[in-house]
Amino acid sequence: MLPRHLRLRRREDFEAARQRGRRWHDRVLVLNTLPSGLSHNRFGFVVSRRVGKAAVRNQVKRRLRAAIRVWIPRLAAGYDIVIIARPAASDVSYQELEAVLEKLFGLAGLLVPQNVDAVP
RNA sequence: CAAGUUGGCCGGGCGGUUACGCCCUGGUUAUGCCGGGGUGAGGAAAGUCCGCGCUCCAUAGAGCACGGUGCUGGCUAACUGCCAGGCGGGGUGACCCGACGGAAUAGUGCAACAGAGAGGUAUAUUGCCGGCCUCCUUUGGGAGAGCCGGUGAGGGUGAAACGGCGUGGUAAGAGCACACCGGCAGCCCUGGCGACAGGGCUGGCCAGGCAAACCCCACCGGGAGCAAGGUCAAGCAGGAAUGAGGUACUGCUCGUACCGUUCGAGUUCCGGGUAGACUGCUUGAGGCGGAUGAUAACAUCCGUCCUAGAGAGAUAAUCGCCCAGGGAUCGGCAGCGAUCCUGGACAGAACGCGGCUUAUAGGCCGGCUUGGGCA
RNA sequence: CGGGGCGUGGCGCAGAUUGGCUAGCGUGCUACAAUGGGGUUGUAGAGGUCGUCGGUUCGAGUCCGACCGCCCCGA
């Protein structure tokens, strides 16, 4: 679980990011970003019933949160980020999830050089 | 020892590193940052098939309709649940399975195909028997196409054909009569709270199946659901009072612009209430241990414990070691041993609880049955 | 949390009304005929665990129960 202020918590924020934000695709994940004007990023995860039963969906979300934590220090700040899991995400290892996130963040231009200080 | 049957239990462990929800708490430059401690999924949390608590709404009483349940007794807050028993069926057996009220006397309906006939005190294809007729004849009788009548015993159809078997009886036969057996109904006796069981007498000879077909009978059921419901309450609109000014440039005066003085600006107050926040929210028909009562389900009493409460929704990610388990190779007659590889089922709380159903790698303990071996 | 619908040849649908003879229709598929060839047309044919498992019944696509999958609605 992420600290509360780093999470997207309102339905409107999710809708805004998905409808007005930019979008990048992969076989296992879809990434939506929308500038928020805040000094930090906020994250939301969407795992629908098509991915699996409740236990599987929870595991996918937990892995995504853990993987996100790795990349938070290297991301540009000020975005609402929604990550949508596609059905293939249920049979992909944690290492692959991390790699897919790196690829998508790279495509989105969110990765910044590592010597820049991270946002709290 | 093997096969089976049944009841109960567990459902990976330990330790690093990096993190999270909730509760308590410390520091500080205080709504932020840095800490400390506690606690944190299941036997099914699942499916949502029943039942109950709880909350709101409705509600004189009774009946009808609709839906559900359906052997008996008990348990329970209640149940389509559980326990004990009865009856029927399956199995060598332990044991398992059963929507298990009513079909003659409440009524209606259904049964394809086949078959002579399918529910009516039914039917006549073949067969059997008698008569008429024809032929033969050793005068006893025999054979035969057809017609009339008797018959339901034999054959045949079907899932199902109106009891079984024997004797008498007859032209041939038939519950036509009788004995026994089976089944049914009524009455009585014995045992049992009861379902029911055992027995006796009488009756008429038998009056079939399907109510998970309509239906009848008995019993039960008001509706909605924690997004229930409660508290606070931006914004927008409304009401009441007051009211001739108010707002911007602008800190003040003047001026200008806009809004307003019948269509009422501004200010104050009011109730309802959306977003949102808080609450409901976890101490409960509670868990564990013991005693007593009961065949048991369970009940009563005593002691002890507090054991998740989120809200885009925590309980994790990853690494190492170990323990079940699986596979391969080698050694050995075998039990087994060594090495390497592999390796963790089903599944995630969302108001709570009691059940049912379904999913589930692997393992542990006990009872019983059958078969075999040894003593 | 509550409610409703669907599942039948490759595809789209009937049959589910009192349970019964061989489960039909359109399209697609195969073969043949007609044409110089193709289309159209005609004739013949193949193709079905009726979602799964159990039960009631002599007999189940149909009745009953449990389960699986898909879709929709309301709070």
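Trainee: In which sense do strand β2 and β4 pair, and over how many bridges?

Mentor: This is a predicted model. Here strand β2, residues 29-35, pairs with β4 in the antiparallel sense. The pairing runs over 7 bridges. For a landmark, find L29: A85 in β4 stands opposite.

Trainee: Which sense applies to strand β3 and β4?

Mentor: The parallel sense, over 6 bridges. Strand β3 covers residues 42-47. Look at R42, which stands opposite D80 in β4. Between β3 and β4 the chain passes through helix α2, residues 54-71. This β-α-β crossover is left-handed.

Trainee: Is strand β4 mostly covered or mostly open?

Mentor: Start with the general idea. Side chains in a regular strand alternate between the two faces of the sheet. Now the case here. Strand β4 spans residues 79-85 and is mostly covered, with 6 of its 7 residues buried.

Trainee: Next, the helices. At what angle do the axes of α2 and helix α3 cross?

Mentor: The general idea is that two packed helices are described by the angle between their axes and the distance between the axes. Here the axes of α2 and α3, the latter residues 94-108, cross at roughly 50° and come within 9 Å.

Trainee: Which residues in α2 meet α3?

Mentor: From α2 come R63, L64, A66, A67, I68, V70 and W71. They meet Y94, L97, E98, L101, E102 and F105 in α3.

Notes:
Residues are numbered from 1 along each chain as its sequence is written. Chains are lettered from A and ligands numbered from 1 in the order in which they are written. This is a predicted model: local features need pLDDT of at least 70, side-chain atom pairs count only at pLDDT 80 or more; totals for chains, interfaces and linings use all residues. Side-chain values use heavy atoms; hydrogens and water are left out. Buried means under 20% relative accessible area, exposed over 50%, partly exposed in between (1.4 Å probe, protein chains only). Helices (H or I, at least four residues) and strands (E, at least two) are DSSP runs, numbered from the N terminus. Two strands pair if DSSP finds at least two bridges between them. A crossover is right-handed if, with the strands pointing away from the viewer, the path from the first strand over the helix to the second runs clockwise. Axes are lines fitted to C-alpha atoms, for helices over the stretch in contact, and angles run from 0 to 180 degrees between N-to-C directions. Contact means heavy atoms within 4.5 Å.
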